[in-house]
Amino acid sequence: MNQPPDQAQAFVDAHCHIDLYKAPRRTIEQAEKDRIYTIAVTNAPSVFAHTAGLVAGSRYVRAAIGLHPELVHSHRHELEAFHDCLTQTRYVGEVGLDYVTLDEEIRSQQRLVLSTVAGWANEAADKILTVHSRRAARDVISILSGIKARVILHWFSGTKKDLERAVECGFFFSVNNAMLRSEAGRALILQMPRERVLTETDGPFVQDGQEPATPSTVKTTVRELAELWGRTSDDVQASTLDNLKMLLATDA
């Protein structure tokens with residue numbers, strides 16, 4: 001997935017925690033069978049090697065190096081290891097800010113880590129970041145504005161003004177079933193430029209019926225997105241794949 005995909009029947013899962021499934025290898029095999037281009041995010045550098053090993057040899061699944069904002073307080077000592085792993089993958093995530101916590105010290109630590117990661121990614125320029133921004137969209141956008149790396153705002157839930165600013169910065173958005181089944185989520189999706197929208201699952205945290213969502217769940221996401229946009233599923237599938245191509249293409 002280092003080069004733009006060229007298969008019209010493929011799908012996109014821009015944010016999935018492959019390593020957290022009960023049977024991750026089976027999940028990867030199904031993603032391969034269904035041709036789901038998947039970014040396998042990680043929550044800490046210490047689990048990156050395991051995830052990279054799981055997806056080794058995969059055509060459709062790639063490992064990302066991450067440090068989840070909710071783990072920054074307990075795992076920020078892994079930041080040096082994060083930097084070491086950056087040479088092993090183009091993909092970065094899950095990173096970002098999470099202001100569910102009201103602890104200003106923890107919020108400050110999160111901002112410092114995100115700023116550091118953004119600086120490293122900026123040096124490489126070709127990195128793809130999938131970013132968490134719960135209750136912190138304004139600060140996330142401020143930190144990442146102007147970055148050379150490509151940014152995907154995963155499960156975006158900011159304000160209309162935040163969204164407009166993110167669009168100005170050239171950011172992409174990845175949407176999942178939970179967003180599409182929420183009135184607020186649908187309203188935000190309708191404001192997103194369609195050429196910047198990707199699909200995701202955030203599995204196994206998001207449910208697909210009674211089971212955790214898997215990369216193959218994006219087929220349902222595409223159908224529901226098509227209904228929201230008033231388009232065919234084939235059109236939406238093709239457009240999200242085109243958007244992935246645009247995201248992966250390096251500037252001349």
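Colleague: Asp-202 sits in the loop between strand 8 and strand 9. What makes Asp-202 buried?

Modeller: This is a predicted model, in which local features need pLDDT of at least 70, side-chain atom pairs count only at pLDDT 80 or more, and totals for chains, interfaces and linings use all residues. Residues are numbered from 1 along each chain as its sequence is written, and side-chain values use heavy atoms, with hydrogens and water left out. Buried means under 20% relative accessible area, exposed means over 50%, and partly exposed is in between, with a 1.4 Å probe and protein chains only. Asp-202 has a relative accessible area of 7%, so it is buried.

Colleague: What is the phi of Asp-202?

Modeller: The phi of Asp-202 is near 55°, a positive value in a residue other than glycine. Most residues other than glycine have a negative phi, and most peptide bonds are trans. The loop between strand 8 and strand 9 also holds Pro-204, and the peptide bond from Gly-203 to Pro-204 is cis, with omega near 0°.

Colleague: Where is the cis bond with omega of about 15°?

Modeller: That bond joins Gly-93 and Glu-94. Glu-94 belongs to strand 4, residues 91-96. Strands (E, at least two residues) and helices (H or I, at least four) are DSSP runs, numbered from the N terminus.

Colleague: Is Arg-135 buried or exposed, and how do you know?

Modeller: Arg-135 has 63% relative accessibility, so it counts as exposed. Arg-135 lies in the loop between strand 5 and helix 6 and has a positive phi of about 60° although it is not a glycine.

Colleague: What about His-132: buried or exposed, and why?

Modeller: His-132 counts as buried because its relative accessibility is 8%. His-132 is in strand 5, residues 128-132.

Colleague: Which residues is His-132 in contact with, leaving aside neighbours within four places in sequence?

Modeller: Contact means heavy atoms within 4.5 Å. Among the partners of His-132 are His-68, Glu-94, Asp-98 and His-154.

Colleague: Why are the buried residues of helix 1 said to line one face of the helix?

Modeller: In helix 1, residues 24-34, the buried residues are Pro-24, Thr-27, Ile-28, Ala-31 and Asp-34. Seen down the helix axis they fall within an arc of 135°, so they line one face of helix 1. The arc is that of the directions from the helix axis to the C-beta atoms. The face turned away from the buried side carries exposed Arg-25, Arg-26, Glu-29 and Lys-33. The buried residues of helix 1 pack against elements including strand 1 (11-16), helix 2 (48-55) and helix 10.

Colleague: What puts the buried residues on the same side of helix 7?

Modeller: The buried residues of helix 7, residues 160-168, are Asp-162, Leu-163 and Ala-166. They cover an arc of only 100° around the axis, which places them on the same side of helix 7. On the other side, Lys-160, Lys-161 and Glu-168 are exposed. Helix 6 (137-144) and helix 9 are among what covers the buried residues of helix 7.

Colleague: Why are helix 9 and helix 10 called roughly perpendicular?

Modeller: Helix 9 (residues 183-191) and helix 10 (residues 218-229) pack at an angle of about 70°, with axes 11 Å apart. Axes are lines fitted to C-alpha atoms, for helices over the stretch in contact, and angles run from 0 to 180 degrees between N-to-C directions. Angles under 35 degrees count as roughly parallel, over 145 as roughly antiparallel, 65 to 115 as roughly perpendicular and the rest as oblique. Helix 9 and helix 10 are therefore roughly perpendicular. Arg-186, Ile-189 and Leu-190 of helix 9 meet Leu-225, Leu-228 and Trp-229 of helix 10.

Colleague: And what is the angle between helix 10 and helix 11?

Modeller: Helix 10 and helix 11 (residues 233-248) pack at about 110°, with axes 8 Å apart. They are therefore roughly perpendicular to each other.

Colleague: Which members of the largest nonpolar core touch the most others?

Modeller: Such a core is a set of buried Ala, Val, Leu, Ile, Met, Phe, Trp, Tyr and Cys residues joined through side-chain atoms within 4.5 Å. Of its 76 residues, Phe-82, Leu-144, Leu-153, Met-192 and Leu-244 touch the most other members. Beyond its neighbours within four places in sequence, Leu-144 is in contact with Leu-114, Ala-118, Leu-129, Val-131, Val-151 and Phe-171.
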